[in-house]
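Visitor: I am new to this structure and would like to be guided through it with a few questions. Could we look at it together, one step at a time?

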Amino acid sequence: MIGKLMIVVRREWSAYFVNPVGLLFLFLFGAVSIALTFFVGGFFEREIADLEPFFQFHPWIYLLLMPALGMRLWAEEYKSGSAELLLTLPLPISSIVLGKFFAAWLVLALALGLCFPIWITVNVLGDPDNGVIFAGFCASWLLGGAFLAISACMSAATKNQVNAFIASGSICLILLLLGLPVVLDVLNSFLPALWVDRVGRVGVLHHYSQIARGVIDPGDVLYFVILMAAALMANSLLVELQRVPK
């Protein structure tokens, strides 16, 4: 199983760097993250040695970049006809689905790794809590993985990459909005506090912010794992339906 999975991971990983997609993603993620941190997040004006301004924008960056990265995973295969060849290979559907996902998730890990100099910068300028910063990177990777799994699932549902982008972006936006204080305040006006709290916990921001603050609750990690697992299982089912002769 692992060997077959790695075959797909290597195939997909190399595909990101034989065309501009991978390099463009790395550039956009780094450039937008750094620009927002320094010019919008007030990195220097705050005079606090932490990376909160860096991580606070990641959910919104992922709202665009993860659907853009994930929309091609299956829709492009369907449109070009290469999916037919891929699905005839002696590989389990689960290996193909997971391989595609893990390759894209590793691209995100590389993008986060290339932002390591900003971590060094904070340590040069002050004495930050490096444990909290490490937790922030973990939270960002988990959130990106969840959005990517949703995007991959939507890509498997259509041959049109634009449709996949819009559908996955819409789902990710809903998950983001459910955790916004302004949305929860509106819900508070006509729902019991217990229900509002439950709605907030369905959204990604509650769990993301907890981990990013350095509070590693297994429940928050499990939330992202379940979200990814559910999206990837749906992805496998959609691909299996495409495989069944019509």
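Visitor: What is the mean pLDDT of the protein?
Guide: This is a predicted model, and pLDDT gives the predictor's confidence in each residue. Of the residues in the protein, 98% reach 70 or more, and the mean pLDDT is 88.

Visitor: In which helix is confidence lowest, and in which is it highest?
Guide: Where pLDDT is low, predicted coordinates should not be read in detail. Confidence is lowest in helix α7, residues 82-88, with a mean of 76, whereas the highest value, 95, belongs to α10.

Visitor: At what angle do helix α5 and helix α10 pack?
Guide: Helix α5 covers residues 58-70 and helix α10 covers residues 130-156, and their axes lie 8 Å apart. The crossing of α5 past α10 is right-handed. The angle at which the two helices pack is about 35 degrees.

Visitor: How many nonpolar, polar and charged residues are in the contact of α5 with α10?
Guide: On the side of α5 the contact includes Tyr62, Leu63 and Met66, and on the side of α10 it includes Leu143, Phe147 and Leu148. Sorted by class, the contact of α5 with α10 has ten nonpolar, six polar and no charged residues.

Visitor: Is glutamate 12 buried or exposed?
Guide: A residue counts as buried when its relative accessible area is under 20%. Glutamate 12 has a relative accessibility of 3%, and therefore it counts as buried.

Visitor: Which residue in helix α8 pairs with glutamate 12, 88 residues apart?
Guide: Side chains of opposite charge can pair when their charged atoms come close. Glutamate 12 forms a salt bridge in which the closest N and O atoms are 3.2 Å apart. This pair links distant parts of the chain, with glutamate 12 in helix α1, residues 2-17, and its partner in helix α8, residues 93-113, being lysine 100.

Visitor: Which parts of the chain does the pair of glutamate 77 and lysine 100 tie together?
Guide: The side chains of glutamate 77 and lysine 100 meet in a salt bridge, at 2.8 Å from N to O, and both residues are buried. Because the two lie in separate helices, 23 residues apart in sequence, the pair ties together helix α6, residues 72-80, and helix α8.

Visitor: Which residues are linked in a network of salt bridges?
Guide: A search of the whole structure finds seven salt bridges. One of them joins arginine 11 to glutamate 12, with the closest N and O atoms 2.3 Å apart, and arginine 11 counts as partly exposed at 37% relative accessibility. The residues linked in the network are Arg11, Glu12, Glu77 and Lys100.

Terms used
Residues numbered from 1 in each chain as written. Predicted model: local features only at pLDDT ≥ 70, side-chain atom pairs only at ≥ 80, totals over all residues. Heavy atoms only, no water. Axes fitted to C-alpha atoms, helices over the stretch in contact; angles between N-to-C directions. Helix = DSSP H or I, 4+ residues; strand = E, 2+ residues; numbered from the N terminus. Left-handed = near helix turned anticlockwise from the far one by under 90°. Contact = heavy atoms within 4.5 Å. Nonpolar A, V, L, I, M, F, W, Y, C, P; charged D, E, K, R; others polar. pLDDT = per-residue confidence, 0-100. Salt bridge = Lys/Arg side-chain N within 4 Å of Asp/Glu carboxyl O. Buried < 20%, exposed > 50% of the residue type's maximum accessible area, 1.4 Å probe, protein only.
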